[in-house]
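Me: I've got a chain to go through with you. Can you take my questions as they come?

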Amino acid sequence: MAAFTDWRYKFKTASAVWKLLIINVAVFLLLRLLGIIAMIGGWSIDSVVDQLALPSVPALAAHRPWTVFTYMFTHYDPFHIIFNMLALYWFGQMMTWRCSPRQMVWLYIYGGIAGALFYFAAAQIFPGVGGWLLGASASVIAIVITTAFLMPDYPVMLLLFGSVKLKWIAVAAVVLFALGLVGDNAGAHVAHFGGIAMGALYGWLLNRGIDITRPASRAYDSLVAFMRRSVSPAAASRKKFRPRKADKKAATANSVEDDRRNLDAILDKIKHSGYTALTAEERRQLFEISKRVK
């Protein structure tokens with residue numbers, strides 16, 4: 001229990017980038033563990049992954065609307081998650097130099113939704129696009145493109161290439177994804193272009209002082225505030241509890257007694273060591289208590 005509380009505190013105090021990394025890695029590890037169990041038990045892990053990945057069939061997607069969000073946190077291939085998480089760490093950190101962590105998180109979600117919409121639309125038009133979509137690639141590429149819009153000339157050190165401006169990295173990413181449209185995984189690359197479009201739109205608007213994530217952020221804050229007022233036991237108890245007059249008198253009496261004890265201790269120290277021996281906190285207490293105790 002103590003270990004769980006410690007991990008919960010670490011997650012709560014982690015940066016936005018690290019929270020996204022932790023969620024993605026946790027889902028990946030859980031699926032891999034279930035994959036081992038499935039192999040031993042003789043059943044297929046696909047039945048679990050399919051509940052998180054985005055299907056291209058409209059009827060199936062309508063019965064699993066949550067997959068529009070869960071797919072962008074779901075990986076099963078080790079190389080897939082390693083590449084995505086490294087890019088998320090590097091470019092997510094750079095984006096927060098110019099934006100708030102909350103903006104970066106919302107862009108991650110916006111990019112994932114845009115990727116899902118592009119993929120779903122392409123699957124209805126082109127017969128070569130279909131199946132199941134999973135992975136954070138659309139979300140991550142949205143962050144990469146937005147960062148390039150915000151800091152186009154920022155130099156990035158690349159192995160074998162040396163210092164390269166961020167805008168050229170973004171251009172190279174777009175070209176690579178365009179070439180991938182003719183490969184075996186065309187559906188995923190179509191989703192990437194959804195992330196690219198969202199990243200370009202967000203970066204272009206943000207450079208003009210327009211933040212399209214602000215409405216979602218405000219709506220989230222309002223929802224959280226409503227939920228806290230509705231279901232928080234502490235909030236409910238504060239509303240219902242009204243101390244009786246006798247309780248108030250007892251609390252006041254105890255407070256006065258505490259003040260007198262503290263005052264006596266401070267005065268005794270002054271008597272033996274002088275006023276200059278008091279600490280700053282003791283002097284503050286002496287001033288405050290002297291105003292309350294008559």
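Me: What share of the protein chain's residues count as buried?

Reply: Of its 294 residues, 35% count as buried. Buried means under 20% relative accessible area, exposed means over 50%, and partly exposed lies in between, with a 1.4 Å probe and protein chains only. Bear in mind that this is a predicted model: local features need pLDDT of at least 70, side-chain atom pairs count only at pLDDT 80 or more, while totals for chains, interfaces and linings use all residues. Residues are numbered from 1 along each chain as its sequence is written, and side-chain values use heavy atoms, leaving out hydrogens and water.

Me: How many helices and strands does the protein chain have?

Reply: The chain has 14 helices and four strands. Those are DSSP runs numbered from the N terminus: helices are H or I with at least four residues, strands are E with at least two.

Me: And the accessible surface of the protein chain, what does that come to?

Reply: About 18,300 Å², with 68% belonging to carbon and sulfur atoms. Areas come from the Shrake-Rupley method with a 1.4 Å probe; for residues, only the protein chains shown count as cover.

Me: Which residues form the nonpolar patch on the surface?

Reply: Phe-11, Trp-18, Ile-22, Ile-23, Ile-82, Leu-86, Tyr-89 and Trp-90. Together they have about 730 Å² of accessible area. Patch residues have over 30% relative accessible area and no salt bridge; like charges are joined within 9 Å, nonpolar side chains (Val, Leu, Ile, Met, Phe, Trp, Tyr) within 5 Å. A salt bridge is a side-chain nitrogen of Lys or Arg within 4 Å of a carboxyl oxygen of Asp or Glu.

Me: Which helix gives the most to the nonpolar patch?

Reply: α6 does, with four residues. Both α2 (16-41) and α6 (78-98) supply at least two each.

Me: Next, aromatics. How many aromatic pairs are there?

Reply: The count is five aromatic pairs. Rings of Phe, Tyr and Trp (its six-membered ring) pair if their centres lie within 6.5 Å; planes under 30 degrees apart are stacked, over 60 edge-to-face, the rest tilted.

Me: Why is the pair of Trp-18 and Tyr-89 edge-to-face?

Reply: Because the planes are at 65 degrees, with the ring centres 5.9 Å apart. This pair links distant parts of the chain: Trp-18 sits in helix α2, Tyr-89 in helix α6, 71 residues apart. Trp-18 is partly exposed at 43% relative accessibility. Tyr-89 is also partly exposed, at 32%.

Me: What about Phe-73 and Tyr-108?

Reply: Those rings have centres 5.3 Å apart and planes at 35 degrees, so the pair is tilted. Phe-73 lies in the loop between α5 (67-70) and α6, and Tyr-108 in helix α7 (residues 101-125), so the pair ties together parts 35 residues apart in sequence.

Me: Is Tyr-108 buried or exposed?

Reply: Tyr-108 is buried, at 0% relative accessible area. Phe-73 is buried too, at 18%.

Me: Switching to Ser-137. What does Ser-137 touch?

Reply: Ser-137 touches His-80, Asn-84 and His-192, leaving aside residues up to four places away in sequence. A contact means heavy atoms within 4.5 Å. Ser-137 is in helix α8 (residues 137-150) and counts as buried at 12% relative accessibility.

Me: Last topic, strands. How many bridges join β3 to β4?

Reply: Four bridges join β3 (residues 155-158) to β4 (residues 162-165), and the strands run antiparallel. Two strands pair if DSSP finds at least two bridges between them. Val-156 has Val-164 in β4 as its bridge partner.

Me: What's in the turn of the β3 and β4 hairpin?

Reply: Three residues lie between the strands, and Leu-160 in the turn has a positive phi of about 80 degrees.
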